[in-house]
Amino acid sequence: MTRDPTDTVSYIQPSVEWAGTELVTAIGPGESGRTKYEIKYIQSLYVIHKSGIDPKTWVSEPMTATYTHEQGGNILIEKGDPTISTVASGGTIQDVGLNMECVLDDKHELGVCSGENLYAELTEVVDGTQTVLSTFTETVPTTYTGTVFPIATITTSAAGSLYSTRSAVLTLAAVMLGAFAAY
């Protein structure tokens, strides 16, 4: 088959129906003395719709991933264990865990992170006559650069003085705090 150079090929983009909540709670100073927060991502629905095929439901029951976030000055520390959840369609969703330290440049809205991405894998382990699932964590070193943008401004008042600080996150081309599906 040959194509005319003026032919175009169209691709129907799927749409995603998503519902979830992000809860951020201050949990006090971290080991470094920076402000430490617990971040819970609760995903309650994830459905992929594509023209001509039935919708594919990946998540219909709430799943939670929990991370800690420490920030102070130009340093951001993110930590969280990887998780694996079995979903409605029988597949799994893996939340990537992290152990990252980032140096932020607010003036240029850039950040550089280095550390580890943590991937959990389920493996079958045979113990006598029983087969059980065990979780194995793979650690992958990584370094990346991204754009910094503020996600919250935290303001407190104490004894008549006002203190304000910005909390930021580093956006990435790669998946950092998201989930990916495995068939």
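1. A nonpolar core here is a set of buried Ala, Val, Leu, Ile, Met, Phe, Trp, Tyr and Cys residues joined through side-chain atoms within 4.5 Å. Buried means under 20% relative accessible area, exposed over 50%, and partly exposed in between (1.4 Å probe, protein chains only).

2. The model is predicted: local features need pLDDT of at least 70, side-chain atom pairs count only at pLDDT 80 or more, and totals for chains, interfaces and linings use all residues. Residues are numbered from 1 along each chain as its sequence is written, and side-chain values use heavy atoms, with hydrogens and water left out.

3. The protein has 12 strands and zero helices. Both are DSSP runs numbered from the N terminus: helices are H or I of at least four residues, strands E of at least two.

4. The largest nonpolar core has 10 residues: Ala 65, Tyr 67, Leu 76, Leu 98, Met 100, Cys 102, Leu 104, Cys 113, Tyr 144 and Val 148. β8 gives the largest share, four residues.

5. Ser 85 sits in strand β6 (residues 83-86). Ser 85 counts as buried because its relative accessibility is 17%. Its C-alpha atom is 7.3 Å from that of Met 63, 22 residues away along the chain.

6. Of the 183 residues in the protein, 25% are buried. Contact means heavy atoms within 4.5 Å. Among contacts with a separation of 6 or more, 48% join residues 24 or more positions apart.

7. The accessible surface is about 11,800 Å² (Shrake-Rupley method, 1.4 Å probe; for residues, only the protein chains shown count as cover). Carbon and sulfur atoms hold 52% of that surface.
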